[in-house]
Structures are given as C-alpha cells and as structure tokens.
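I opened this model to go through its strands, its salt bridges and its surface charge, and I kept these notes as I went.

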Amino acid sequence: MGEVGLRQAQEKMRAAGAADVAIRVFTHYYRLLESGQQGKIHEADIEPVGELPHLDHLDTDPDAMRAALAETVVIKLNGGLGTSMGVTGPKSALQVKDGLSFLDIIARQILSTRRKYDVPLPLVLMNSFRTKTESLQILSEYDGLAIDGLPLDFMQNMEPKLLADDLTPAEWEPDPELAWCPPGHGDLFTALVASGTLDALREHGFRHAFISNADNLGATPDPRIAAWMAEHTVPFGMEVCRRTRSDRKGGHVAVRKSDGRLILRDSAQVADEDTQYFQDVTRHKTFNTNNLWIDLDRLAELMDGHDGILGLPIIVNRKTVDPADSSSPKVIQLETAMGTAIETFEGSQAVIVDRTRFKPVKTTNDLLVLRSDVYELDDAGDLTTTHEGDEPYVDLDPEYFKILADFDTRFAAGPPSLVRADRLEVRGDVAFGKDVVVVGDVEVEAPAGERRVIPDGTELSS
C-alpha cells in the first residue's frame, strides 16, 4: 500500500495548496517511515559533550554586539493552541503577567531592544491557520513593530495524518481538520523557504535569526550571543541549560562518534534499553532550551543544495486521529524537531545559559509561578526575580487546576505569594483567598468531595 498511500497523501496536500517544497519534504519522510526507520539514536553511537562556552564568558564589546544585533531577526514559533489547558485560541494570547499576554510582552521586549541598541530587529511569527488572525491583531496594537518590506508572520505547513495500518491519509468526518497535523517545529526551515520569508530577510541584509518558542518569555535576543555567532562564524548555535533531576526527560546534546558532530537526542528518539543513560543527568549534563541561532545564508545554501530537504532525523509520533477519542483510528504523524538541525550544520556550537532564559509555560503549574510575585515585569518586558535559588516547584491537582477556567476560578483573588516558597503541592478542590502567602515547603489538601477555601491573608508554611 506504500506507493498508493504516498500518492494519495501527495494529491491531498496538492489539492489543499501545499507548496512543492513541503510535499517533497513529506515524501522524504514517508519513504523513511516505509523503510522502517524510527529515528532512534542509540547510546553506543554517542558520547557526552565536553566543555561548552558559557554565556557569561562571551565577549561584551558594545560595537560588536550592536553590529551583530543589527543583522538579526527574531522568529517566534506561534502555531500552538492552549488545548492542554482547555483553551481553543492561540496560547500566546493568554494573559500571563500584569494583564499582558505572551505576545504583548514579546512586542515590548522587541521594541525595547531596538531602542537600546538602535537596531531594526524584526519580529516574525511562524503561525498556524488557527493562530494567525488573533495573534496579528494583538501585535497591531504596537506602532512601529512591523518593518516595511518584511512580513510579521509566515505560515507553518500542514500534512496528512497517516493511518497506522496501511499508511494512507486519514479522514475524519466528524472534524475533517483533525485529519491534518503540523510536521513538528522542524518544519520551520521548510516554511521559511516556502513562504519566501528566508529570501526576504536575506535581501534586507539580515544574516542571523534568533528562534524560540512564543511561550518562553526568557528567550530575548541577547546581543552577546549574536556577536559570538558573527565573530566565530557559527552556522548554528543552540542555547543549553544544565540538567537537573526534573529535566531528565528533556532532550540533550551529545557528540556522534561517527563524525564528531553535535547532535540532539529527544525522548522520542531513545531506544527502550537506553532510557537509563538518557535520564542520567550526570552523564548527559545539558538540555536543549529550543532557543536557537541560525546563519540564514548557510541555511539557504543547505536548503538549495538538498532540494529543500534539510534531512532532519525523523520522529514517528503515534496517536489517534482524534486525540480526545482513544477509540478513533490509530494514526502516525511524521514530525521533525528544529533543534535536531544542529547535526546538519557543519561547525554547529552550543552555549550554556542559565535558567533565566528558559521559562516556558506548558501547564497551569508554570503559569501560577509566572503570575506570582516570584517574577516582576519591568517596562522593557524583561522578567526579574528576587527569589533565591531555583524557582519554587508547584504541583497543582490536575483534576481541579489543569483547565485554565478551573484554575482561574480557584485563584480568583490572584495568585498566592511564592517568593519565599520552595514547593507548593495542592491536592483536591482548594480555592485560594486574597493575599495568601506560601513559605517553605507546603502541601495543601482538601477533604474528599469538598472544597477547601484558604482565607484571605493566610500564611501557609512548612
């Protein structure tokens, strides 16, 4: 059924208006899947990385930083919805701090950096059709953000989900959109070419792109890294953090023995027998923040030289066509991760950064910390903290706090103070009053079947 399934998928993409380069890339990964590749990276084929440069030790020459930043564009991955938190719109439109959304804060960060360094610093979003309209509406409130001749966004590609039993494109009559999926954020490179954005940026003299997730407000365009990229002619730079026990499932960088290149190994690429090595944070000591820096000219050369197929490692994602219906048909989504491009650029480098550059909001646990007094938002859109040590660990009962509407109801008077907290664990139906303070290591539990209300002004301590 392979050739039949591939032809049907190609025709479906063509009928939907997919770019030729997107169809070629999909075809490449379909054939890899058909040949039995699962994208596994075995521990025997890699070794831990050695010493890496640290952001704090990079050159800070003002002229070099400004010159490099003047040739840099900021790209934010913005295709995601807040579905895991029960939100249907763009995740980046959620209010996260002082009544501002991710996109509001990102816009302020960009405009502030422009003023500080007197550089153009374009902002470009990679949107999906579900996020485009609302996201651009938010950005339209910021005068001068758009730059003449450059788009504020481009669209990620879509591809058919494949039925697991015969690799033909899935159909789902109750909601036809569910038969489609994005090809992972590795699609960024294909979408940059297909949309013409890569050519437009290079024509306007931009040499480097700083790429990060829209839900990570710590990912600001640091001029020290821009200058380091330019001075050392680094084609691909990845920001990494030191792994802790809580990061043991996060993708790590390593060195491939066969050619000495840096690679990224994500959890989906780990063979079962290698899990213990993958999760050993004393062996593989750094994880990928998904803050990436790329030489746009080198990217264009690689894409041109390989017919638009960068050759990122395949990720085979097995799901049901309707993720909310476990009885719906089993499907395969062919995906790639943009960080895995580290192995395709000869001379790629990684730089160690601290946790201030990695503050993603994946759950309402993360959201509570960000909304609390652990972080303050200044006029430049930068988050600062007076909390000592690692940020507090928060674990809210998913039955009552996972969905944003439920979360907001239980924190209707605002988040508790967490600046003196080490850990907050909540079990059961607990609602927090105004000006609640958490100190140290705290567990709060509600009686089974009842709601517990923490009164205004309560101090919870260990």
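I began with strand S12 (residues 252-256) and S13, which pair in the antiparallel sense over four bridges. For the notebook, two strands pair if DSSP finds at least two bridges between them, and the strands (E, at least two residues) and helices (H or I, at least four) are DSSP runs, numbered from the N terminus. Across this pairing I found Val253 opposite Leu264 of S13. The two strands make a hairpin with five residues between them, and Gly260 in the turn has a positive phi of about 75 degrees.

Before going further I noted that this is a predicted model, in which local features need pLDDT of at least 70 and side-chain atom pairs count only at pLDDT 80 or more, while totals for chains, interfaces and linings use all residues. Residues are numbered from 1 along each chain as its sequence is written, and side-chain values use heavy atoms, with hydrogens and water left out.

Which way do the side chains of S13 point? Leu262 and Leu264 point one way from this strand (residues 262-265), Ile263 and Arg265 point the other way, and all are buried. Buried means under 20% relative accessible area, exposed means over 50%, and partly exposed lies in between (1.4 Å probe, protein chains only).

I then looked at strand S22 (residues 429-432), where both faces are covered: Asp429 and Ala431 on one side and Val430 and Phe432 on the other are all buried. S22 pairs with strand S24 (residues 451-454) in the parallel sense, over four bridges, and there Ala431 has Val453 of S24 as its bridge partner.

Next came an open sheet of three strands in the order S8-S16-S15, with antiparallel pairing. Strand S8 (162-163) and strand S15 (315-320) stand at the edges with a single partner strand each, so one side of each is left without a neighbour in the sheet. I recorded that S8 is joined to strand S16 (residues 330-335) by two bridges, running antiparallel, and that Leu162 stands opposite Ile332 in S16.

Two backbone angles went into the notes as well. Leu167, in the loop between S8 and strand S9 (180-181), has a phi near 60 degrees, a positive value in a residue other than glycine, and Leu167 is buried, with a relative accessible area of 15%. Asn290, which has its place in strand S14 (residues 286-295), has a phi near 65 degrees, again positive in a residue other than glycine, and at 8% relative accessibility Asn290 counts as buried.

I turned to the salt bridges, each a side-chain nitrogen of Lys or Arg within 4 Å of a carboxyl oxygen of Asp or Glu, and the structure holds 28 of them. One of these joins Glu3 and Arg31, with the closest N and O atoms 2.9 Å apart. Glu3 lies in helix H1 (residues 2-15) and Arg31 in helix H2 (residues 20-34), so this pair ties together parts that are 28 residues apart in sequence. Both ends are partly exposed, Glu3 at 45% and Arg31 at 39% relative accessible area.

The side chains of Asp56 and Arg224 also meet in a salt bridge, at 3.8 Å from N to O. Asp56 is in the loop between S1 and H3 and Arg224 in helix H8 (residues 223-231), so the parts tied together are 168 residues apart in sequence. Arg224 counts as partly exposed, at 21% relative accessibility.

Asp59 has its place in the loop between strand S1 (46-47) and helix H3 (62-69), and is partly exposed, with a relative accessible area of 43%.
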